[in-house]
Amino acid sequence: MVDEAPQHLAQVAALIRGARQNKGLTQAQLAERLGTSQSAIHRIEQGSQNVSLDMLARISAALDSEIITFGAPKHSHLRVSGGHELSGRIEVNSSKNGAVALLCASLLNRGRTTLRRVARIVEVDRIVDVLRSIGVQATWSTDGRDLEIVVPEHLDLASIDVDAARRTRSIIMFLGPLLGLEREFALPYAGGCDLGTRTVEPHMIALRPFGLSVTAASGNYEALVTPGGTEDLSVVLTERGDTVTENAIMAAASRDGVTTIRNASPNYMVQDLCFYLELVGVRIEGIGTTTLRIHGRTDIDADVEYAVSEDPVEAMSLLTAGIVTGSEITVARVPIEFMEIELATLSEMGLRYSLTPEYLALNGRTRLVDVTVHPSELHAPIDKIHPMPFPGLNIDNLPFFAVIAACASGHTLIHDWVYEGRAIHLTDLTRLGADVRLLDSHRLDITGPTHWSGAEVSCPPALRPAVVILLGMLAAKGTSVLRNVDIISRGYEQLQERLIELGARIETFRD
């Protein structure tokens with residue numbers, strides 16, 4: 001039998017669930033292939049039923065996927081036949097960054113939190129693994145789309161899943177809620193993408209006013225909390241970062257009194273967090289602005305449901321696929337408030353597109369549109385392209401302009417001032433025929449249009465550049481191979497399958 005420890009069962013369950021979804025099968029369809037019941041598959045995917053090695057072998061055969069391997073792991077690769085137009089309509093999935101923030105915020109609620117339309121990606125599964133390891137009940141719905149969370153009276157932080165925690169930078173967002181729940185605790189160091197030096201000091205600066213003191217020792221953040229009073233508190237963030245703002249909001253939500261946060265990020269995942277906290281009874285003024293007034297409470301206990309909003313970065317990824325292949329596609333459910341600067345910049349570059357009237361997301365707050373891009377003759381913008389905190393061009397969307405600029409005539413300067421070293425990963429576009437010159441660790445000079453050609457490229461160790469290379473391969477005539485693509489599943493749910501829906505010719509293989 002597979003080890004009966006709940007942590008191991010949960011890991012096996014996640015692998016089976018992901019393999020089934022990658023094949024586009026329902027639980028009932030998999031059950032039919034195995035000659036068992038849908039309820040048995042549901043229990044297996046919830047990690048509540050032991051699985052024999054024989055059953056694992058049968059599931060692997062039914063899904064044509066190695067659920068568990070022995071010996072050296074086999075990495076996933078993509079073979080892309082590029083140079084073909086795409087067509088069709090595709091809907092934007094819910095936000096990965098929004099889901100991660102809401103999972104962390106659920107620690108504040110002693111009631112039942114039900115999150116609708118949660119992105120089923122590696123980053124989310126890692127946070128769920130961490131939550132379960134400290135005693136939180138996290139139960140997926142039968143269709144694997146909704147997640148019910150119940151937090152125990154006392155968290156078992158000593159049993160935290162260290163491996164899962166260290167493989168995600170999002171663990172840093174446990175600091176905000178935990179400082180309202182614990183007087184002393186430890187968290188493993190945060191991990192994530194290889195994007196150069198990314199200091200956690202802005203988080204420390206944001207949380208010190210709430211009484212948090214953190215020292216680094218033996219691979220952990222050792223945290224000590226000094227309880228404060230109920231007087232009004234004012235916090236000025238030195239960095240208008242999304243996760244920094246979220247940490248401060250969660251810390252403010254669980255303290256009696258009013259907290260004013262200045263220089264706050266108003267980005268999409270921050271708004272998702274605020275909308276959820278309002279449902280559990282925390283009053284927040286200034287949502288969508290850089291100044292928030294949070295009326296916290298120490299007794300958060302409410303049964304709530306919240307639908308995670310759509311992901312503007314996935315929207316940009318899908319739109320880019322249409323742009324670089326000279327295709328007409330419709331990307332539906334685009335959160336327009338968080339895409340207006342991107343679309344305005346693309347319009348300046350000559351992109352032709354059309355929008356539907358606005359409609360509301362399932363959360364009743366986020367404004368959506370459907371965007372149709374049309375084949376266009378692109379030219380370089382007059383000014384450089386650079387990101388800014390919202391409402392500027394999204395920092396995560398900047399890399400997509402590298403492959404778009406390579407399709408445009410003229411010189412484009414891209415200034416990625418946020419990350420040390422992310423720009424260098426975008427120079428892999430030269431392997432596909434693009435003229436991309438690295439001026440320094442933050443700036444790229446790109447000359448187009450590119451006569452794309454197929455090539456074999458190893459996946460960059462950073463999520464967005466990895467997807468950019470894949471999109472460049474869609475434009476490149478001939479066959480390309482992108483190796484070691486596991487990082488893409490950190491931030492995207494079945495991206496290659498979704499591109500195939502639009503007509504992309506992509507094959508997954510292992511060696």
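**View 1. Pro391 sits in the loop between strand E17 and helix H14 (400-405).** This is a predicted model. A cis peptide bond joins Phe390 and Pro391. Its omega is about 15°.

View 2. Pro449 is placed in the loop between E20 and E21. Gly454 lies in the loop between strand E20 (443-448) and strand E21 (456-458). Gly454 has a relative accessible area of 30%, so it is partly exposed. Leaving aside residues up to four places away in sequence, Gly454 touches Leu432, Ala476, Lys477, Thr479 and Ser480. Leu187 is 267 residues from Gly454 in sequence. In space, their C-alpha atoms are 44 Å apart.

**View 3. Asn484 and Gln494 have positive phi values.** For Asn484, phi is near 60°. For Gln494, phi is near 55°. Neither residue is a glycine. Asn484 lies in the loop between strand E22 (478-483) and helix H17 (495-501). Gln494 lies in the loop between E22 and H17. Asn484 is partly exposed, at 36% relative accessibility. Gln494 is partly exposed too, with a relative accessible area of 23%.

View 4. Helix H2 covers residues 27-34, and helix H3 covers residues 38-45. They pack at an angle of about 110°. Their axes are 8 Å apart. From H2, the contact uses Gln27, Ala28, Leu30, Ala31 and Leu34. From H3, it uses Gln38, Ile41, His42 and Glu45.

**View 5. Helices H5 and H6 are roughly parallel.** Helix H5 spans residues 96-105, and helix H6 spans residues 122-133. The packing angle is about 5°. The two axes are 10 Å apart. H5 brings Lys96, Ala99, Val100 and Leu103 to the contact. H6 brings Glu123, Val124, Ile127, Val128 and Leu131.

**View 6. Arg79 and Glu507 meet in a salt bridge.** Side chains of opposite charge can pair when their charged atoms come close. In this pair, the N to O distance is 3.1 Å. Arg79 lies in strand E1 (residues 76-82), and Glu507 lies in strand E23 (residues 505-510). The pair therefore ties together parts that are 428 residues apart in sequence. Arg79 is partly exposed, at 31% relative accessibility. Glu507 is partly exposed, with a relative accessible area of 41%. A search of the whole structure finds 23 salt bridges.

**View 7. A salt bridge joins the side chains of Arg365 and Glu278.** The N to O distance is 3.1 Å. Arg365 is in the loop between strand E16 (359-360) and strand E17 (367-374), and Glu278 is in helix H11 (residues 268-279), so the pair ties together parts 87 residues apart in sequence. Arg365 counts as partly exposed, at 40% relative accessibility. Glu278 counts as partly exposed, at 29%.

**View 8. Arg333 forms a salt bridge with Glu310.** Their closest N and O atoms are 2.9 Å apart. The pair links distant parts of the chain, 23 residues apart. Arg333 is in strand E14 (residues 328-335). Glu310 is in the loop between strand E13 (304-307) and helix H12 (312-324). Are these residues buried or exposed? Arg333 has 14% relative accessibility, so it counts as buried. Glu310 has 0% and also counts as buried.

**View 9. Arg89, Glu91 and Asp370 are linked in a network of salt bridges.**

**View 10. Thr113 is a buried residue in a strand.** The strand is E3 (residues 112-116). Thr113 has 1% relative accessibility. Leaving aside residues up to four places away in sequence, it touches Ser106, Leu147, Glu148, Ile149, Tyr276 and Val304. Val369 is 256 residues from Thr113 along the chain, and their C-alpha atoms are separated by 28 Å.

**View 11. Met388, Trp417 and Val418 make a nonpolar surface patch.** The patch is about 250 Å². Trp417 lies in the loop between strand E18 (410-415) and helix H15 (422-426). Trp417 is partly exposed, with a relative accessible area of 36%.

Conventions: Residues numbered from 1 in each chain as written. Predicted model: local features only at pLDDT ≥ 70, side-chain atom pairs only at ≥ 80, totals over all residues. Heavy atoms only, no water. Patch = residues over 30% accessible without salt bridge, like charges linked within 9 Å, V, L, I, M, F, W, Y side chains within 5 Å. Areas by Shrake-Rupley, 256 points an atom, 1.4 Å probe, with all protein chains shown as cover. Salt bridge = Lys/Arg side-chain N within 4 Å of Asp/Glu carboxyl O. Helix = DSSP H or I, 4+ residues; strand = E, 2+ residues; numbered from the N terminus. Buried < 20%, exposed > 50% of the residue type's maximum accessible area, 1.4 Å probe, protein only. Axes fitted to C-alpha atoms, helices over the stretch in contact; angles between N-to-C directions. Contact = heavy atoms within 4.5 Å. Parallel < 35°, antiparallel > 145°, perpendicular 65-115°, else oblique.
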